[in-house]
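Let's take a walk through this one together. Have the sequence and the 3D view open side by side.

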Amino acid sequence: MKAQRSFARWLVAASVYILVATPIWWVVSRPHIEAGTVPATGAAPRAAPVLDQKGVLTLAKVAVRSARLSDQAVSEVVPPVRLGIPALGVDASIVPVGVEPHGGMEVPEDVRTAGWYRFGPLPGAQGSAMVIGHVDSRVQGPGVFFGLSKLRLGERIGVQLADGPTQYFVAVARRFFAKDELPQDLFARDGPPRLTLVTCGGGFDERARSYTHNVIVYAVPETEA
Amino acid sequence: MRKVLSLLTSFLLVVIPAGGSLAKAKASSAVTIVHGLPRFTADVYVNGELLLSGFKAESTTDPLTLEEGEYDVAIRNVGSAPDSEPALQDVITLGPGLNVSVVAHLDETGTPALTVFDNDLSQIPAGESRLVMRHQAAAPAVDVMSDGETLLAEVASGAEAETNLAVATHEVAVALAGGGEEIVDPTALQFDEGAAQVLYLIGSAEEDTLDLMVQTVSGLQSAPAGVATGDGGLAESPGFPLWVAILMVGAAVVLVASSVRLRKERTRG
C-alpha cells in the first residue's frame, strides 16, 4: 500500500516536471533570428529656414543648378553581378530584378541566383540597397539564401559590380518581419550606404505554399564596421 | 478638495501655455525657385534680402526651407541697385508642409510673371516614374511626346498636366498641339523610379526662345508589395513538435489520475 502511494507521488512529481520543463526547453531551443542593431539610413532632416524670425538671411549661398533639358545627365547603371558569402559557402550570380505586375518583387527563376532590386540604390551607394534570394523551392530544393537566418554577425559579404571591383560589407544585424509588415526604410534612397539581404523564413503555409515571414540581414560597408 | 483644485489650476497654468506655443510653432515648406525668363540674368530678393545674385536663365535652386507666411519676392536685372524698380515683383503666400515651385516666366501674352505650383507629392507605384508638364511660355497649346508617342495632349499656356510612365531613359519632345510643328527636339531624359520629372516650357514663340527646363522631385517611391522567395518549406522554423505535445497530454492525464488516487487513499486511510 505504502509502495503504491509513493509510486503515485513519484508519478505526480514526474508529470509536473514534464509539464513545466518541456515548454521552457522548446522556447530556449528555438532558433534566434533577431540580433544586432539595425544601421540607420534615410533622408537627413530638412535644412534650417532660409530666413530667420527677423527676416534676416541665414544662408550664405544658395545651391543652383542648370535646368536646361539638354544639360541633364543620363547615367549608365553598372549593376552588381556576383555575391559572395564565404561563411555560408555562397558564390552566386546576381541579376537585376524589378516589380511584378501585381506589385510584388520579381524573384529570379533559378534558386541559386540572387536578385538586386534595380529600382533601389546600388550596393555601396547612398541609401538602402537590397539583394534578395530564394530560401528554397519545391522543385529546385534549397536556394542561395537557405542558411541566411543563421549567418553570424561580423561575417563578410562581397558584392562585385559589372565593371570589376568587389565591395565588402559586414553583417551587423538580423531581423524577422511578417511579410506584409516590411519596414519602409528598406527602400530608402538617401542616407548612409547599407546593404540588406532578404529571404523568406518563419512558418510555412502549406496551402499557399509560402512562408509567413521575411528574414533580413543588414550589412554596412567594411570600412565603417 | 482644495488641494485637488490647486493641483488642477497649476496643471492648467503649465499645460495650456505650452500647448498654445506648440500650436503657434511655424511649419516650414520646401521652395524651389525656377528661372524661366529667357536671356535674363537675375538678382532675387526675398523680403528685401538678396537671396541669389547672378541667377542665370534656365536654372533652378535646390529646395530651400521657408516657414509658412507671406513673402515679398522681387527680381532685378543682375547688379541693379537694391532699391531700383524690380523687373518682376509679387507677394507669395506659403502654407505649411508644402513642396512648391516658384516660377519666373513669360505668360501667354509675353509679360513676365511669377507663378507658384504645388508639387504633387503623391506616391508613385513601385516600378514607375512621373512626368509633369507646365506650360510657362508665350506660345500656343502643345503636345508632349515620349519616344515619338503623344503622352500629354493640348497643354495650354499656364496649364499643368501629368502622367506616370515606365522607368527608363525616354526621348522627350514638344510639338504644337494636334500634330503641329516640333518646338523642342527629342532629347534623352532619365526617368527614375519614384521621382517626378517636372518639365517647364519657357520662353516666347515670337522671339524664338522656347525651350524645356527640368526640375526633379524625388522621394515619391512606394515599396513593392512583398518579397516571396520560397515555396519549398524546407527552411520552416520548427513548430511545436507533435511528440512533445503527446508527452505533455500524457503527463497531464497521469498527474490527474495519480492525484485522484492519492486523495482517495488519504480519505480512506
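Predicted model: local features only at pLDDT ≥ 70, side-chain atom pairs only at ≥ 80, totals over all residues.

Residues are numbered from 1 along each chain as its sequence is written, with chains lettered from A and ligands numbered from 1 in the order in which they are written.

How far does the predictor trust itself? The model scores ipTM 0.74 and pTM 0.78. A contact here means two residues whose C-beta atoms, placed from the backbone, lie within 7 Å.

Now for chain B as a whole. It has two helices and 17 strands, taken as DSSP runs numbered from the N terminus (H or I of at least four residues for helices, E of at least two for strands). Of its 269 residues, 33% are buried, which asks for 20 or more other C-beta atoms within 10 Å of a residue's own; 12 or fewer makes it exposed, anything in between partly exposed, and the C-beta atoms are again placed from the backbone. Among contacts in chain B with a separation of 6 or more, 60% link residues 24 or more positions apart.

Look next for an open sheet of four strands in chain B, ordered β13-β10-β16-β17 with mixed pairing; strands pair if DSSP finds at least two bridges between them. β13 (160-166) and β17 (211-217) of chain B sit at the edges with a single partner strand each, so one side of each has no neighbour in the sheet. Inside the sheet, β10(B) (residues 128-138) runs antiparallel to β13(B) over seven bridges, and B:Met133 has B:Ala161 in β13(B) as its bridge partner.

Helix α2(B) (residues 242-268) has 27 residues and spans 39 Å from first C-alpha to last, close to the 39 Å expected at 1.5 Å a residue (that is, 1.5 Å times one less than the number of residues). α2(B) is hardly covered, with two of its 27 residues buried.

Finally, the contact between the chains takes 73 residues from chain A and 64 residues from chain B. On the chain A side, α1(A) gives the most, with eleven residues. By class, that side has 38 nonpolar, 23 polar and twelve charged residues; Ala, Val, Leu, Ile, Met, Phe, Trp, Tyr, Cys and Pro count as nonpolar, Asp, Glu, Lys and Arg as charged, and the others, Gly among them, as polar. Strand pairing crosses between the chains too: three bridges join β2(A) to β4(B) (residues 59-61) in an antiparallel run, with A:Val64 opposite B:Thr61.
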